[in-house]
Amino acid sequence: MKSLGSIRRDFAPWNDPNAKPYIQFENVTKRFGDFTAVNNLSLTIYEREFFALLGASGCGKSTLLRMLAGFEQPTSGRILLDGENLAGTPPYRRPVNMMFQSYALFPHMTVEKNIAFGLKQEGMPKADVEKRVAEMLKLVKLEPFAKRKPHQLSGGQRQRVALARSVAKRPKVLLLDEPLGALDKKLREETQFELMDLQQQLGLTFVVVTHDQEEAMTMADRIAIMDKGEVMQVATPAEVYEAPTSRFVANFVGNVNMFEGKVAERTEKTARITGSTGAQILVENAGDATAGADVSFAIRPEKIRISSAKPEGSTNALEGEIYDIAYLGDMTVYHVKLSDGQIVRAQSMNAARISDDPLTWNDRAWVSFRPDAGVVLTR
Amino acid sequence: MNTTWSRFNITSVTLGFAFLYLPIVLLVIFSFNESKLVTVWGGFSTKWYVSLFQNQALIDAAWVTIRVGLISATVATVLGTLAALALTRYTRFRGRVLFSGMVFAPLVMPEVITGLSLLLLFVAVGLDRGFFTLTLAHISFTMCFVAVVVQSRLVTFDRSLEEAAMDLGASPVATFFQVTLPVILPAIVSGWMLAFTLSLDDLVTSSFTSGPGATTLPMKIYSQVRLGVTPEINAACTILIAIVATGVIIASVVNKRREVQRLRDEQAALRG
């Protein structure tokens, strides 16, 4: 199967067996007392990649970032950057910079001095520091604010200062801890694209920690979805959404309908799944599900068609009653109650202003989908 | 909220302020008394101020007080800041609760006990009492006040500032001097001022730990009063009051201005 990621952009070192890994986590474990924050985790990130660590709070994603920055030491395992073991290198000697969630701007310094801080530490000549600071101010469009202190800036401006400060030293890797978490929704969307442009422009490797899946999907080349200190799946946004490998990932990213059942019949490509009440579904992409196995069939709401009559020639069609309707303008979400009591969420785009098949509460309705519209999950 | 001045409110405010300030007002008035009798008004005069500046013993005592205050406040600030850092940063060492309790115990310890125990210590180690022991004693009892003030600032200190500094290449020492210290400096300065003020007006501990040639102003005033209050002492006290009041007023005006400026800046930032 051609990778979905390569359609998005012609950059996919993870599919190239000869590509040199840039950041490697090798069997990394981190314990705080009895609590295991990161559990025997291995992960490879490539140069110039925009990599996102996505998970709920407490899943270990921030700990992973802090270990890369050097604020925490792994309990076991090792972390390599460009082939070099980082163990024992203190944060102030790592070619890695971080943008903090709280921005951590120095309150007693002006915007200029904040940006120049890292450059001065490495003993850069004064003229060069000034040149680089001017360059950075231009990059984040903050030239008129150079002499201001952080408390004289708005939230969005502070975020830019933090960004400029963390890229001023041209680090090998930029770590971003919830970079957009403190911004309001509109600003967040704008800034997402700016971050992507910036990463392209500077050619840096970005590792971003976020709990916001939309943010991760928009910005990242690849996403690692984490749960309880472990990586559940590492893939491009499209693969994570369309081809999740576990029930956790399917549920975590976007909305999903799950059908529980047993594999009744298995051919090389297809599987016939029987639900607990006898409903039959024929699916492709059956993965490693063997005959007789307990599986879940996961299908996204927008892949389900809804109609008042039984669709002709459809392999998979289930009858039910419309239980709830949410009209969202651009689309309508239907909740259909099947005969076995399961609620199916179906989403249809309102491409026409007036639907030619209007459906309303308590109508009988059919939900149907193609055999390749969902995935079979065994984990 | 009811903001009108009821008769009850006016009465309670008057009584409260009278209770606080009547003695001080009387003292200031009588410092300008022509008469040598402290409690009898004999007309306006500034002659006691003139004679005050000719009283070498009082001027010497004031000089000792200021030197002890400057030295002890500075040393106590360094020690108190270090103690506060240790108590807020290394939260997992054994006996931390006991240690922090012990740092703050002198706050509530009766001063007589502090003074007496210091005296016993100095005698036991054979230190001659004088300027040196006096300064040591002042360092010892003002240090905990500095620790309290600085610690309350450190509790709200955002540690990610230090992490950011280190992340940008600053060593732990550079981080402390370039980030931590400047940010907590206002608290350290107020700690120093508190220590200095406490040292200036200390009488009890000083009486126990001082020796010949190291008499502080409060000690001098107290011993003179026992021989009878002279208007000269009133004049000395009035000057002290003026200095303290000026300091307090300047500090609050500066604070207020800074606060107003900060609010204005923040509103300007919000407008873009």
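How many bridges join strand E1 (residues 21–32) of chain A to E2(A)? The count is eight, and the two strands run antiparallel. Keep in mind that you're looking at a predicted model.

- To find one facing pair, look for Phe32(A), which stands opposite Phe35(A) in E2(A).

**Strand E6 of chain A**

- E6(A) pairs with strand E7 (residues 173–177) of chain A, this time in the parallel sense, over four bridges.
- For a landmark here, Met99(A) stands opposite Leu176(A) in E7(A).
- In a regular strand, side chains alternate between the two faces of the sheet.
- Are the faces of E6(A) covered or uncovered? Both are covered: Val96(A) and Met98(A) on one side are buried, and so are Asn97(A) and Met99(A) on the other.

**Helix H3 of chain A**

- Helix H3 (residues 111–121) of chain A is mostly covered, with eight of its eleven residues buried.
- The buried residues of H3(A) are Val111(A), Glu112(A), Asn114(A), Ile115(A), Ala116(A), Phe117(A), Gly118(A) and Leu119(A).
- What do they pack against? Their partners are helix H4 (126–139) and helix H5 (155–167) of chain A.
- Just after H3(A) comes Gly123(A), which takes a positive phi of about 75 degrees.

**A closer look at Phe51(A)**

- You'll find Phe51(A) in strand E3 (residues 50–54) of chain A.
- Why does Phe51(A) count as buried? The cut-off is 20 or more other C-beta atoms within 10 Å, and Phe51(A) is buried because it has 24 of them within that distance.
- Leaving aside neighbours within four places in sequence, Phe51(A) is in contact with Ile45(A), Phe206(A), Val207(A), Ala220(A), Asp221(A) and Arg222(A).
- Gly320(A) is another story: Phe51(A) and Gly320(A) are 269 residues apart in sequence and 42 Å apart in space, C-alpha to C-alpha.

**Where chain A touches chain B**

- The contact takes 21 residues from chain A and 22 residues from chain B.
- Strand E6 (96–99) and H3 of chain A each supply at least two residues of the side of chain A that touches chain B.
- Which element gives the most to that side of chain A? It's H3(A), with three residues.
- Sorted by class, the side of chain A that touches chain B has eleven nonpolar, eight polar and two charged residues.

**Chain B**

- Chain B has eleven helices and zero strands.
- Its radius of gyration is 24 Å, well over the 19 Å that the globule rule gives for 272 residues, so chain B is more spread out than a compact globule.
- Along its principal axes, the C-alpha trace of chain B spans about 70 × 65 × 35 Å.
- How much of chain B is buried? Of its 272 residues, 28% count as buried.
- Among contacts in chain B between residues at least 6 apart in sequence, 76% join residues at least 24 apart.

Notes. Residues numbered from 1 in each chain as written. Chains lettered and ligands numbered in written order. Predicted model: local features only at pLDDT ≥ 70, side-chain atom pairs only at ≥ 80, totals over all residues. Buried ≥ 20, exposed ≤ 12 C-beta atoms within 10 Å, placed from the backbone. Contact = placed C-beta atoms within 7 Å. Nonpolar A, V, L, I, M, F, W, Y, C, P; charged D, E, K, R; others polar. Pairing = 2+ DSSP bridges. Rg over C-alpha atoms; globule rule 2.2 N^0.38 Å.
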